[in-house]
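Here is a friendly walk through one protein model, meant to be read with the structure open beside it. Take a moment to turn the model around before reading on.

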Amino acid sequence: MDLAAVAGEVALIAGGAAVEGLAQDATKSLVEKIRERIRSVFGGDPRSEDALEQVMATPTNQNAINELARALCWYAERDPRFAQELAEWEPYKASVGTAVQASPGTVVQNGDARRDLFMAAGNMTVDQSKAKSSPDG
């Protein structure tokens, strides 16, 4: 198991992204359960707890996500039981999509597709007529 990769995935989940396939209440419950367990593992370590709080406050901040992932990885390297828990939570990321407000009137949606990925919202029409053709014709 690649602990760094798993910790990175769990850091994203702890940030509170919606988990597809779960009702909103179930997603909220799962994320809260994960956060509570992380807090108990951190056991009052202010730097690690701050990393979790930063991800919760700014879930799209890559620096905050990386800092939390490093803390999760550090604790998982020292606690095999916690490492196993991270591995059990990690698959939920496969169906996580985050929507971020880009500018007024637009939304950018990013998805992590390890399997089939289905995302839809409103009119998703693609206008190919405006695409530039290749130099070869």
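The report below goes from the overall layout to the core, a helix pair and the salt bridges.

## Overall layout

Please keep in mind that this is a predicted model. The protein has 5 helices and 2 strands, and from the N terminus on its elements run α-α-α-α-α-β-β.

Of the 137 residues in the protein, 33% are buried. Looking at contacts between residues at least 6 apart in sequence, 55% join residues at least 24 apart.

## The nonpolar core

In soluble globular proteins, nonpolar side chains tend to be buried together. Here the largest nonpolar core has 29 residues. The members with the most contacts inside this core are Val 10, Ile 38, Phe 42, Leu 68, Leu 72, Phe 82 and Leu 86. Helices α1 (3–14), α2 (24–42), α3 (46–57), α4 and α5 are the elements that each give two or more residues to the core. The largest share, 9 residues, comes from α4.

Ile 38 is a handy place to start exploring. Which residues does Ile 38 contact, leaving aside its neighbours within four places in sequence? They are Val 10, Ala 14, Leu 52, Leu 72, Phe 82 and Trp 89.

## Where α4 meets α5

Two packed helices are described by the angle between their axes and the distance between the axes. For helix α4 (residues 62–78) and helix α5 (residues 80–89), the axes come within 5 Å and cross at roughly 130°. An angle of that kind makes α4 oblique to α5.

On the α4 side, the contact is made by Leu 72, Tyr 75, Ala 76 and Arg 78. On the α5 side, the partners are Pro 80, Phe 82, Ala 83 and Leu 86. Sorted by class, this contact has 7 nonpolar, no polar and 1 charged residues. Leu 72, Phe 82 and Leu 86 take part in the helix contact, and these three are also among the residues with the most contacts inside the largest nonpolar core.

## Salt bridges

The count comes to 6 salt bridges. One of them joins Glu 32 and Arg 35, whose closest N and O atoms are 3.2 Å apart. Both residues sit in helix α2, 3 residues apart, so about one helical turn separates them.

A second pair links two helices. The side chains of Glu 53 and Arg 39 meet in a salt bridge at 3.3 Å, N to O. Glu 53 lies in helix α3 and Arg 39 in helix α2, so this pair ties together parts that are 14 residues apart in sequence. Glu 53 is partly exposed, with a relative accessible area of 36%, and Arg 39 is partly exposed at 29%.

Arg 70 and Glu 67 form a salt bridge with their closest N and O atoms 2.8 Å apart. The two are 3 residues apart in α4, so they are separated by about one helical turn. Glu 67 is partly exposed, with a relative accessible area of 22%. Which residues are linked with Glu 67 in a network of salt bridges? Arg 47 and Arg 70 are the ones joined with Glu 67 in this network.

Key. Residues numbered from 1 in each chain as written. Predicted model: local features only at pLDDT ≥ 70, side-chain atom pairs only at ≥ 80, totals over all residues. Heavy atoms only, no water. Axes fitted to C-alpha atoms, helices over the stretch in contact; angles between N-to-C directions. Helix = DSSP H or I, 4+ residues; strand = E, 2+ residues; numbered from the N terminus. Parallel < 35°, antiparallel > 145°, perpendicular 65-115°, else oblique. Contact = heavy atoms within 4.5 Å. Nonpolar A, V, L, I, M, F, W, Y, C, P; charged D, E, K, R; others polar. Core = buried A, V, L, I, M, F, W, Y, C linked by side-chain atoms within 4.5 Å. Buried < 20%, exposed > 50% of the residue type's maximum accessible area, 1.4 Å probe, protein only. Salt bridge = Lys/Arg side-chain N within 4 Å of Asp/Glu carboxyl O.
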